[in-house]
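Please keep the structure in view while reading.

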Amino acid sequence: MIDSSADMDGELLPETRRALLHRLAVAQAEGRVPSAVGAVVRGGRTVWTGVRGGAVGPPGAAGEKEGVPTADTRYRIGSITKTFVAVLVMRLCDEGLLDLSDPLGEHLEVPAEAGEEVARATVAQLLSHSAGLAAEPRGPWWERTSGELRPGPADLFGERPVRHPAGRRHHYSNLGYALLGSLVERLRGAPWYDVLREEVLGPLGMDRTTPLPREPYARGWAVHPWADAVLPEPLADTGLMAPAGQLWSTAGDLCRFAAFLAAGDDRVLGVESLARMRTPAVAPEAESWDQAYGLGMQLVRSGGRLLAGHTGSMPGFLAAVWTAPGERLASVALVNATSGLSVGGLAADLLGIVAEREPSFPEPWRPRSQDDPELLALTGPWYWGPSAFALRVCEGRALELVPVGGIGRASRFRPEADGTWTGLDGYYAGETLRVVRGTDGADGAVSHLDLGTFVLTRAPYDPKAPVPGGVDPQGWRAG
């Protein structure tokens, strides 16, 4: 028998499943939440779902549905809604209908009450909560009140809609995502949820993700801090604020969404755009940070791994979705309580249990038989001055430049139609890599690589290449 990664990434071992259920049970009991649902995705499919507790409906209330929740029970997912909205915005970018650097006011009529600073905020700043906008809209606590209190865009803005200079810091803003939802509606000419259903939910098979609850759904509860008593939380349609946290979903649907966030789906959004969403937008690209925010995705370090996804909370509910794309893992956690436990920590632990007990197998290496010979000729060692680098070809004519010895700037590069490559990460993100051919010979041999004005040569400080500042004609010598 020949082992395959697909076979080995199948059903979880019994002891792993028990460890997952034990973690969920401890969270439900110690967090004092009426019910908790957890799930794990591996290799694109759900491999475990667990449930603890009950109280889908009010305990003992006549006429209310009671019972044990399942993977098809709807819970409110709060700010995970923001990641859905961000996917819609990234689709608009991929289609060329807007650019991440575009100011909001270029595409959306911003009310005068908001001020010019809001109109000048860029799409990327809104996605990454770095536009400096106020955290909340005007009026009473929007999560517990009807959207009828804020019927028009002008009703969202208080006296100081901008609290920080744009682009300077991460300041979480529900208000900003209300504006992004309006942006989607303006460019698509349809309500944001209708666009979401058509462009994301439908292709991914997420037919149980809705703006308002449908049976079976869990009721939301506040748990008394000093007694074993519960209080029902109100359920409001938040109107214009809905893109910030309105959606209801199930563990089953969120597992489908998590699988998409981890691996991409060309019907919705490709892997490169998702990688951009997972890149810290404001925090420095350093190894020391523990939490950051990308474009509609939260980023956290847990158990030595980087997780990308989002947590969510609305009165009566907590939710989390995490992905670890490099390990082909994702997890979901849902509870129907306003507070009581770290739902993000619970979801991270579920993912970590599987990663540590049953690490995913990498895809088997296979040769690619039709690589361009000219592209293959570019691979191997290159030098920036005396510093050695290696260039290799990746899938789809992409390139990867890595320092020899691990000291130096590394980056991946996306091929462009004009024969150049664009950097995807690190120092060279957005920079252009060009292959420059010599002009003094008929063979058109490669002279050097131009990477954002830096010249990379086949030999250290090659005197035949146009190295800026020239190369001493005496060449290398003893010290």
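## The seven-stranded sheet

Seven strands make up an open sheet, 7 strands in the order β2-β1-β11-β10-β9-β8-β7, and their pairing is antiparallel. The edges are taken by β2 (45-53) and β7 (291-293), each of which pairs on one side only. From one strand to the next, the twist averages 20 degrees. The model is a predicted one.

Within this sheet, strand β1 (residues 35-42) and strand β11 (residues 329-335) are joined in the antiparallel sense by 7 bridges.

## The eight-stranded sheet

Another open sheet has 8 strands, ordered β12-β13-β14-β15-β16-β17-β18-β19, with antiparallel pairing. β12 (380-384) and β19 (454-456) each have a single partner strand, so one side of each is left without a neighbour in the sheet. The twist in this sheet averages 30 degrees from one strand to the next.

Strand β13 (residues 387-393) and strand β14 (residues 399-403) run antiparallel and are joined by 5 bridges. Among the residues involved, V393 has L399 in β14 as its bridge partner.

## Domains

How does the domain assignment divide the chain? Domain 1 is given as 24-53 + 71-357, and domain 2 as 373-457. The centres of domain 1 and domain 2, taken over C-alpha atoms, are separated by 38 Å.

## Helix α3 against helix α8

Helix α3 (residues 80-94) packs with helix α8 (residues 251-263) at an angle of about 45 degrees, and the axes are 12 Å apart. Because of this angle, α3 counts as oblique to α8. The crossing in which α3 passes α8 is left-handed.

Which residues make the contact between α3 and α8? From α3 come T83, F84 and V87, and these meet L254, F257, F260 and L261 in α8. Sorted by class, this contact holds 6 nonpolar residues, 1 polar residue and no charged residues.

## Helix α6 against helix α7

Helix α6 (residues 174-188) and helix α7 (residues 192-204) have axes 8 Å apart and pack at an angle of about 75 degrees. With that angle, α6 is roughly perpendicular to α7.

On the α6 side the contact is made by G181, V184, E185 and R188, which meet W192, V195 and E199 in α7. The class count for the contact of α6 with α7 is 3 nonpolar, 1 polar and 3 charged.

## Helix α2 against helix α10

Helix α2 packs with helix α10 (residues 343-357) at an angle of about 165 degrees, with 10 Å between the axes. The angle makes α2 roughly antiparallel to α10. Here α2 passes α10 in a right-handed crossing.

The α2 residues in this contact are E15, T16, A19, L20, R23, L24 and A27. They meet G345, L346, D349, L350, I353, V354 and R357 in α10. By class, the residues of the contact of α2 with α10 divide into 8 nonpolar, 2 polar and 4 charged.

## Backbone details

Most residues other than glycine have a negative phi, and most peptide bonds are trans. Two places in the chain are worth checking against this background.

Which way is the peptide bond from E215 to P216 set, cis or trans? The bond is cis, with omega near -5 degrees. P216 lies in the loop between α7 and β4 (221-223).

R32 sits in the loop between α2 (14-31) and β1.

Key. Residues are numbered from 1 along each chain as its sequence is written. This is a predicted model: local features need pLDDT of at least 70, side-chain atom pairs count only at pLDDT 80 or more; totals for chains, interfaces and linings use all residues. Side-chain values use heavy atoms; hydrogens and water are left out. Domain bounds come from an automatic or database domain assignment. Axes are lines fitted to C-alpha atoms, for helices over the stretch in contact, and angles run from 0 to 180 degrees between N-to-C directions. Helices (H or I, at least four residues) and strands (E, at least two) are DSSP runs, numbered from the N terminus. Angles under 35 degrees count as roughly parallel, over 145 as roughly antiparallel, 65 to 115 as roughly perpendicular and the rest as oblique. A crossing is left-handed if the near helix is turned anticlockwise from the far one by less than a right angle, and right-handed if clockwise. Contact means heavy atoms within 4.5 Å. Ala, Val, Leu, Ile, Met, Phe, Trp, Tyr, Cys and Pro count as nonpolar, Asp, Glu, Lys and Arg as charged, and the others, Gly among them, as polar. Two strands pair if DSSP finds at least two bridges between them.
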